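Try each task before reading its solution.

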Amino acid sequence: MSGIAAFEKVSFGQFVQDTRKRIGDLPEGEIREAYEKIVLPHRASRASAGYDFVTPYEITINPQKMVVIPSGIRVRIDYGFVLELYPRSSLGIKRSLALANTVGIIDADYYEADNEGHILIALRNLGSETVVLQKGERIVQGIFKSYYLAEEEEVTGQRTGGLGSSGK
């Protein structure tokens, strides 16, 4: 790895499992097609800080409802860094969508979680109209940041689960 992180696809089996849990019981052929067309996050320009994530499916979000989108992506990050996910400004301004957790935090040890570190994107429709996200549409951007630690006793806990697992 020449940088501090590298994006990868999760396994097809993990993608199927998370798609069926979060999106619905889609035919395996449709899931395979989405999986094969997954685009690894990338920056739009040399000066861009954010890596764009796209939705692998057409997604409908009804007013005042939330959906969890399986991105098909995981990321290997050096310790001392974190990936923060933010909604693209056009989602909030033009379409009244927000990340359900306001900012997504992907820690370095999430890569080793039981769900292969599959990045799931929870969007909430705060508006009064149904929003349809097109397959391949850019929905969030990830920005890598360094962080600092406070003085503390040795931390020995280890992540085992996926979404929301470190608080259990």
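Two strands count as paired if DSSP finds at least two bridges between them. The model is predicted.

**Exercise 1.** Find the order of the four strands in their open sheet, then look at how β6 joins β11.

Solution. 
- Step 1. The order is β2-β11-β6-β8, with antiparallel pairing.
- Step 2. β2 (51–54) and β8 (104–106) are the edge strands, and each pairs on one side only.
- Step 3. Neighbouring strands here are turned by 30 degrees against each other on average, direction ignored.
- Step 4. β6 and β11 (residues 138–146) run antiparallel and are joined by seven bridges.
- Step 5. Pick L85: its bridge partner in β11 is G142.

**Exercise 2.** Which strands stand at the edges of the three-strand sheet, and why is one side of each left without a neighbour?

Solution. 
- Step 1. This open sheet has the order β4-β9-β7, and its pairing is antiparallel.
- Step 2. β4 (66–70) and β7 (97–99) are at the edges; each has a single partner strand, so one side of each lacks a neighbour in the sheet.
- Step 3. From one strand to the next, the twist averages 30 degrees.
- Step 4. Five bridges pair β4 with β9 (residues 120–125). I69 stands opposite I121 in β9.
- Step 5. Helix α1 (residues 12–22) packs on this sheet and touches β4 and β9. Its direction makes about 170 degrees with that of β4.

**Exercise 3.** Is Y79 buried or exposed?

Solution. 
- Step 1. Locate Y79 in the loop between β5 (73–77) and β6 (81–87).
- Step 2. Its relative accessible area is 60%. Exposed means over 50%, so Y79 is exposed.
- Step 3. Y79, Y147 and L149 make a nonpolar surface patch of about 390 Å².

Methods: Residues numbered from 1 in each chain as written. Predicted model: local features only at pLDDT ≥ 70, side-chain atom pairs only at ≥ 80, totals over all residues. Heavy atoms only, no water. Patch = residues over 30% accessible without salt bridge, like charges linked within 9 Å, V, L, I, M, F, W, Y side chains within 5 Å. Areas by Shrake-Rupley, 256 points an atom, 1.4 Å probe, with all protein chains shown as cover. Salt bridge = Lys/Arg side-chain N within 4 Å of Asp/Glu carboxyl O. Helix = DSSP H or I, 4+ residues; strand = E, 2+ residues; numbered from the N terminus. Buried < 20%, exposed > 50% of the residue type's maximum accessible area, 1.4 Å probe, protein only. Axes fitted to C-alpha atoms, helices over the stretch in contact; angles between N-to-C directions. Contact = heavy atoms within 4.5 Å.
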